[in-house]
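Hi,

Here is the structure I promised to pass on.

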Amino acid sequence: MGIAVSPAMITFLVIILTGLVVMGLSRLLDHIWARVLRYPWLYLLVSAPGVVVHECSHIVGCLITGAKIKKVVLLSKEGGMVSYAPPAIPVLGNVIISTAPLFLLPLVLAALTWIFGTYAGCAFPAAMPVPGSPAAVYSLVLATGRTLYQNLFAAFNGWFILYLYLVMSLALSFSPSTQDMKNAIIGIIVLVLAGFAILAAGIPAVTGIFLTIIGLFGTGLSLGLTFELIALFVSLPALIFYRRTS
């Protein structure tokens, strides 16, 4: 007897796929700007805010999981680095530390959006669609396009250029590093399988709590995907210019 696929399972799957897209876009953006900016100091200038916030996210993850921090490098020519002892929380601890940027960077970007919308006159949607279905992802893309049009063409706002710089820098740092993924991959697989098992069990109280948690995570991913789409829009002209001049 097969297991019925519930709407909650589909939502969970879409959020997982959105997370993979967010990480993949971050890697793509980083690759684009590493090629476009031929001088290391210039690439460091572009990526600096994102690198600092990324490493601070790992520090927060260490504090939450009880992992002793050995060494911190917030910014250098090679990027940033946080070295830590094994966390007090087994399995889940490494997942939290390694994927902390996926949780915290959207919060930073949301705060920046509020600041630029409240004090700099930038126009943003009242609420971004959460990627719980393919239709919601499509709505998210449309909302991103409207944001760019309103601030760059309909009513140009110079502060929006600074906003784009910060968004692009942070978007470059969304994806966990290769070492981060090695540290967390087993825990991530266990958590995903456990999530589907919880939804398959169909216990109302447990399912409700789980859906609330993944809904919060989905909101963060929707913000991350939105900002990465904006960063990709900014990046493509630079890549075209690079190819024409190389």
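This is a predicted model: local features need pLDDT of at least 70, side-chain atom pairs count only at pLDDT 80 or more; totals for chains, interfaces and linings use all residues.

Residues are numbered from 1 along each chain as its sequence is written, and side-chain values use heavy atoms, leaving out hydrogens and water.

Now the second largest pocket. A pocket here is an open set of points on a 1 Å grid over the protein atoms alone, where a 1.4 Å probe fits, with protein on both sides within 12 Å along at least five of seven lines; lining residues have an atom within 4 Å of a point. The lining counts 30 residues, with Glu 55, Glu 78, Gly 79, Gly 80 and Ser 177 nearest the centre. H1, H2, strand E2 (81–84) and H6 each bring at least two of the lining residues, and H2 gives the most, with nine. By class, this lining has eleven nonpolar, 13 polar and six charged residues (Ala, Val, Leu, Ile, Met, Phe, Trp, Tyr, Cys and Pro count as nonpolar, Asp, Glu, Lys and Arg as charged, and the others, Gly among them, as polar).

The largest pocket has 36 lining residues, and Val 95, Thr 99, Phe 103, Leu 191 and Phe 217 are the closest to its centre. H3 is the top contributor there, with ten residues. That lining divides into 30 nonpolar, six polar and no charged residues.

Cheers

Note on methods
Helices (H or I, at least four residues) and strands (E, at least two) are DSSP runs, numbered from the N terminus.
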